[in-house]
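Hi everyone, thanks for making time. I'd like to walk you through some aromatic rings and a few strands today, so let's bring the structure up.

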Amino acid sequence: LTANIFENPLPDGFDVATARALFQVLSVDQCRKAAKNIAAALPSGGTLFVIGFVTDDSRVSPDLAVGMNTFFLNAFDEGQAYTESQYRSWLNDAGFIDVVRIPFLAGNSLIVAQKA
């Protein structure tokens, strides 16, 4: 399946979506669009899993996410290790509820959100 999540929703028929290391290479505007278009493809009760480096709102922890953010800021035109609050905002605006951030493998975070 190939799709441009910045221009159109993904096709229907999915109960789960996974975004692995996606948002951290996108601009803020692209993150908003991606969240909305992923949400449009999921039914009510569908689940989104976001895996990547996420900083606390202070942007100074966890250490590995902060270190990776230095790399992202230098390697990508607009990407970065976004904050937990930024993810919550994009996902809530896109129609997701029960957004939870959990520590994950190798310093990443797992964000789990349910489509309302």
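One aromatic cluster is formed by Phe 23, Tyr 82, Tyr 87 and Trp 90. Please keep in mind that this is a predicted model.

Searching the whole structure turns up eight aromatic pairs. One of them is Phe 72 with Phe 76, a tilted pair with 5.9 Å centre to centre and 40 degrees between the planes. Phe 72 counts as buried because its relative accessibility is 4%, and with 28% relative accessibility, Phe 76 counts as partly exposed.

Now, why is the pair of Tyr 87 and Trp 90 edge-to-face? Their ring planes sit at 70 degrees, with the centres 5.3 Å apart, and planes over 60 degrees apart count as edge-to-face. Both of these residues belong to helix H3, residues 84-93. They are three residues apart there, about one turn of the helix. Tyr 87 and Trp 90 are both buried, too.

Let's move on to the strands.

E4 runs antiparallel to strand E2, residues 47-52, and six bridges join the two. Within that pairing, Phe 49 has Val 112 of E4 as its bridge partner. Strand E3, residues 96-103, is also antiparallel to E4 and joined to it by six bridges; here Ile 102 is partnered with Leu 110 of E4.

Finally, E3 and E4 make a hairpin with five residues between them. In that turn, Ala 106 has a positive phi of about 55 degrees.

How values were computed:
Residues numbered from 1 in each chain as written. Predicted model: local features only at pLDDT ≥ 70, side-chain atom pairs only at ≥ 80, totals over all residues. Heavy atoms only, no water. Phe/Tyr/Trp six-rings, centres within 6.5 Å; stacked < 30°, edge-to-face > 60°. Buried < 20%, exposed > 50% of the residue type's maximum accessible area, 1.4 Å probe, protein only. Helix = DSSP H or I, 4+ residues; strand = E, 2+ residues; numbered from the N terminus. Pairing = 2+ DSSP bridges.
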